[in-house]
Structures are given as C-alpha cells and as structure tokens.
Amino acid sequence: MDFKIVGFAPDEMSHDSFLNIIRAPIKLESPRFAEQLEQFCQRCSYVSGHEGGEKSFDVLRTRLEQLGTGKKEQNRLFYMALPPSIFPSMQEGLKKHCYSKRGASRIIHRAFNGVFQIEKPFGHDLESSRELQRALDPNWREDEIFRVDHYLGKEVVNNLLVLRFGNEIFGAIWNARHIDSIEISITEAGGAEGRGSYFNGVGAIRDVMQNHLTQILALLTMERPRSFSADDLCAEKARVLDWMLPIEHLDTIIGQYGKSPDGNKPAFKDEEDVPNDSRCVTFCAAVGHIENERWAGVPFLLKAGKALNESLTEIKINFKPSTNATIFSTRALCSNTMTIRVQPSEGVFLRINTSVPSLTAQQTSAMDLDLTYHGREIPEAYEVLLLDALKGDEARSVRGDELDASWKIWTPLLHYLDDESAGVRPREYAYGSHGPEGLEEFIASHQRKSSEGS
Ligand code: BG6
C-alpha cells in the first residue's frame, strides 16, 4: 500500500521535531525495526496550521496535492483527535478544502485523548451527540465516517461473534431460558494520574461505560445479523440497544476513590485541577435490562472503575443452576459459567461439573474447561481499526444510530448525577480496593434469585 502521513496542528514545528515525536514512544527491539521505522518516517511530514482559518486549510491542501502529483487517484483519510468544540469547524474546513476530488475521502473521529483533553466521548449526552452529528451530516456520508471505539478492535471482542454464531451449542442456549445473569466489567488498577482535569469533566460512565462497555453488551446480546457487513452488524447492535431500558439511578452504585490505606497512592481529588468538592464518578456499577423476548428478566451487571484492586476486563455469563442436583449424593452442582476474559491474557473458560474419581458414591466437583485459542500474535486494537478505515471497512466502526441508542440508555442517569440540586455524592473507596462499601450487597440484591452454588 502506498501511503503518506501528514501531521497537522496549530503548533509551528520543524520536520525533525515532528519525526522525533513519532520515534519517541517506539521501542526498537531489533536493528530490523530501526530500519523499518526510518522507512516509515520517510513517509511522514508536518504542516502547521498556525495561521488559522482558511489559510491553514490552504496550506494543508497544497501539501496533499504535492504528495499526490502524478497519481491518478488519491484517497484521503482524516484522523481527528480533537475536542468536540473544535471538531465541527475542523471537519467542515477539511470537507471544503481538502476533500479528495480524485478518490475516496474518509474521516475518523477519535475523541481527543491528550494533555489538553476536554471531552472524550462523542458528545456528552444524547442532545450534544446529536448536535455533533448534525454538524457532520451536510458534509460527510455515513460511510465516510469512522467513529473509533478501540474496544471493537480487540481480538476477544471480535471473537464474541464467532463464539455466538459459529457454534450451535452456544447459540441455542443464549437466552433468558438458560442464562441467569450477565456481568461485564472493566476495572483498572491505575487511577486518573495526570488526567485529572479530563477525567473530572467526564467520569467513568462517559469514559468507558457509554462506549466500550455498551459496545460489548451489544455484541453479546444482538440477534444474528444477516451478514457481517457493516450495515447488517450495526443495524442489529442498534436494534438491541434500542430494547434496553434507560439505566435507573436506583439501579446503580457510584464511588470516587480516596487515598490508598498506606497513603502512598493519591485520592482523585489530589490530582491537579480537580476541585476539592468534585463529585466525579470514578467507579460505577449499574444493572440494566433488555426488554425483548430473548433477554427479558436477565439482569446485566455493568461495572467500571479506576484505582481498584486489579486491571481486568471480563464478561461472565452465568447460566441457570441445574435442576438435577437431587440425584447426586452431594446434592450440589455448580452453575455453569462462561468467562470471557478480554484482558489481560485473553481467554475463554467454561465452568462445568465433573465427577471426582472415587470408589464410593458419585462425587462431583467444578472445573474450568479452557477454551482459549493459542498461537498467533494478537494485533493491537488500533492496528486493526486503522487498517479497517484505510480499506473502507466500517464493520468495526460505531454508526450514528448505535451512538444515539447508547446515549439514550445512559443520558437520564448522567443528567441526574450532573444535577447539582439532586446533590448526589459518590461513596468514597480506598485506592486499590474492590470499590465502594455496599457493592457486594448491591450485586447480591440484583442477582436473579435462582443463581447459587457457583
Ligand atoms: C480509554 C479511556 O478510552 O480506555 C481510559 O479514556 C481507559 O480512561 C481506557 O483507561 C481503557 O482502555 P484499555 O484498552 O486500556 O482497556
């Protein structure tokens, strides 16, 4: 693939300084990598938009045209890491001045995720997300827009489709008749160090639950798509999210981390630019319900938080307990559970009952079947998603209607928590703990009464 990369920002910067920014984070594990990195750098250059407005776009257009000299076609992919406030004028300028007249143009919106970060998700509630969408509408077709949710580039998340639709045995039991409850959690051992100001304006729900966690939920619960094309996949994800009821504040428990018990790890409020009275949610556990025929009655426990006891992204499918326990002398069988570990160390495990070798009566014990697939090196999520965008494959991009459906689920809760007059304060939990006090009771009270013994 022949490609060139042009960096564009308001800063004035020499070509060499730009290349040094590219080189800095890359670990060179062998001399061969050093050679490859230099070959890559030869494809990169920088133009400064310091003049602002139309003039900046002219400078960018001139560079893009120079790079395309002599080529019949030139496809352009604009990768935007910008705060939402700048995003509308930027995309408009790109469309007006830099859209490719000899090939395809595509735009990637990735929320700004750097030192000057203001807001990460696409919008901060349903209405603002729709506003951003309206700003895009006159300029770009839906198939020219790639909304990045990097969880969709993770291997185990992709594997959900194969597990569910490629295996008859799982497909047949994937419903409320056989499944008791589903848990999805994204817990992180690190806090918001160095990102306090960004995180304070966003909180855990907007940071990972409205997007990453909701996307996992959609892939787990959607109906079988007609095909794996972007249109069919996104339509089914949006449909199941539409069936999900907005999360009620009574069905949540929220927290904010304080110092670690030994005082070595800072409280969230110790971060720079985080006010002392911050009500930012750094932990949330919520229970959701999907009111369609397949899922009615199944509680979905969704959990995300920073500064917890471990970093773990995991899905747990808790199947109903067996009704056969009475025929075993121990009268105890575990409930089957499928654990899908997204990270660290990707894996799929199925908990089953098995007999314990013995000369006496039938003894049972629970064991985990390891369904982990080994072998190939797993690509980075961003490698996967950027390549998709270059190829124009939108199956792992988030479509506008999915985004809308997911904001509908979370917006009422977010508004309730944002409302100063409601005065809701997150419960403090210690850095490095399991989360706020009361979490275990909260989870137990939302579990279906039939789950036991696992
Ligand atoms: C990002 C959030 O989108 O996802 C971060 O802004 C979070 O706060 C990160 O830490 C988690 O991603 P991963 O790939 O490390 O699980």
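Because the model is predicted, local features need pLDDT of at least 70 and side-chain atom pairs count only at pLDDT 80 or more, while totals for chains, interfaces and linings use all residues. Residues are numbered from 1 along each chain as its sequence is written, and side-chain values use heavy atoms, with hydrogens and water left out.

Helix packing comes first. Two packed helices are described by the angle between their axes and the distance between the axes. Axes are lines fitted to C-alpha atoms, for helices over the stretch in contact, and angles run from 0 to 180 degrees between N-to-C directions. Helices (H or I, at least four residues) are DSSP runs, numbered from the N terminus.

Helix α8 (residues 196–221) packs against helix α9 (residues 230–243) at about 100°, and their axes lie 9 Å apart. This angle makes α8 roughly perpendicular to α9 (65 to 115 degrees). On the α8 side, T214, Q215, A218, L219 and T221 make the contact (heavy atoms within 4.5 Å), and on the α9 side K237, V240 and L241 do so. Sorted by class, the contact of α8 with α9 has 4 nonpolar, 3 polar and 1 charged residues. Here Ala, Val, Leu, Ile, Met, Phe, Trp, Tyr, Cys and Pro count as nonpolar, Asp, Glu, Lys and Arg as charged, and the others, Gly among them, as polar.

Helix α8 also meets helix α6 (residues 155–166): their axes come within 9 Å and cross at roughly 10°. That makes α6 roughly parallel to α8 (under 35 degrees). The residues V157, L160, L161 and R164 of α6 meet I216, L219, L220 and T221 of α8. By class, the contact of α6 with α8 has 6 nonpolar, 1 polar and 1 charged residues.

Turning to the serine, S56 sits in helix α3 (residues 53–67). S56 is buried, at 5% relative accessible area (buried means under 20%, with a 1.4 Å probe and protein chains only). Leaving aside residues up to four places away in sequence, S56 touches F8, G49 and E51.

Finally, the cysteines. With a disulfide taken as a pair of cysteine sulfur atoms within 2.5 Å, the count comes to 0 disulfides. For C44, the nearest cysteine sulfur, that of C41, is 5.7 Å away; C44 is buried, with a relative accessible area of 3%. The sulfur of C284 is 11 Å from the closest cysteine sulfur, in C280, and so too far for a bond. C284 counts as buried as well, at 0% relative accessibility.

Terms used: Buried means under 20% relative accessible area, exposed over 50%, partly exposed in between (1.4 Å probe, protein chains only). Helices (H or I, at least four residues) and strands (E, at least two) are DSSP runs, numbered from the N terminus. Angles under 35 degrees count as roughly parallel, over 145 as roughly antiparallel, 65 to 115 as roughly perpendicular and the rest as oblique.
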